[in-house]
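Here's a quick tour for anyone meeting this structure for the first time. Take a look at the sequence and the model, then read on.

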Amino acid sequence: MDLIQKLHEENLRCAADYLKRESELIDRLQTFDDKRGYRYYDCTALFQYAVRWLKLSESKSYELIAIARKSKQVPELKEAIS
C-alpha cells in the first residue's frame with residue numbers, strides 16, 4: 001500500500017502542476033494573440049501556431065484558444081481558471 005500511496009501523492013503533484021501550467025499557457029496565449037505574435041513564426045493564426053510550434057493537438061489548441069479569448073470577455077472565467 002505504501003507504493004500506491006506514493007504514486008497517488010505523485011499524481012496529485014503532477015495534476016496540480018499541470019493545472020497551473022495550463023492556466024499560465026492560457027494567459028500567455030491570450031497575450032500572444034493580442035500581439036499577433038504568431039505572425040512572426042510564419043503562421044496566419046494562433047491556432048496554426050499552437051499546432052505547429054507548440055505541438056498541441058488540434059482539439060487542445062482549439063480548447064485553449066477559445067478559453068483564452070472568452071476569458072477576456074468574462075473576467076470571472078479567468079479568475080476561475082487561476
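## Rings that pair up

Rings of Phe, Tyr and Trp (its six-membered ring) count as a pair if their centres lie within 6.5 Å. Keep in mind that you're looking at a predicted model. With that rule in hand, Phe-32, Tyr-41, Tyr-49 and Trp-53 come out linked by ring pairs into a cluster.

How many aromatic pairs does a search of the whole structure find? There are four. One of them joins Phe-32 and Tyr-41, with 6.3 Å centre to centre and 35 degrees between the planes, so this pair goes down as tilted. Tyr-41 also pairs with Trp-53, this time edge-to-face, at 5.5 Å centre to centre and 70 degrees between the planes.

## How exposed are they?

Phe-32 is partly exposed, because its relative accessibility is 22%. Tyr-41 gets the label partly exposed too, at 39%. Trp-53 has a relative accessible area of 46%, so it is partly exposed.

## A serine tucked away

Now over to helix α3, which covers residues 58–73 and holds Ser-61. Is Ser-61 buried or exposed? Its relative accessibility is 0%, so Ser-61 counts as buried.

And what does Ser-61 touch? Leaving out residues up to four places away in sequence, its contacts are Phe-47, Ala-50, Val-51 and Leu-56.

Conventions:
Residues numbered from 1 in each chain as written. Predicted model: local features only at pLDDT ≥ 70, side-chain atom pairs only at ≥ 80, totals over all residues. Heavy atoms only, no water. Helix = DSSP H or I, 4+ residues; strand = E, 2+ residues; numbered from the N terminus. Buried < 20%, exposed > 50% of the residue type's maximum accessible area, 1.4 Å probe, protein only. Contact = heavy atoms within 4.5 Å. Phe/Tyr/Trp six-rings, centres within 6.5 Å; stacked < 30°, edge-to-face > 60°.
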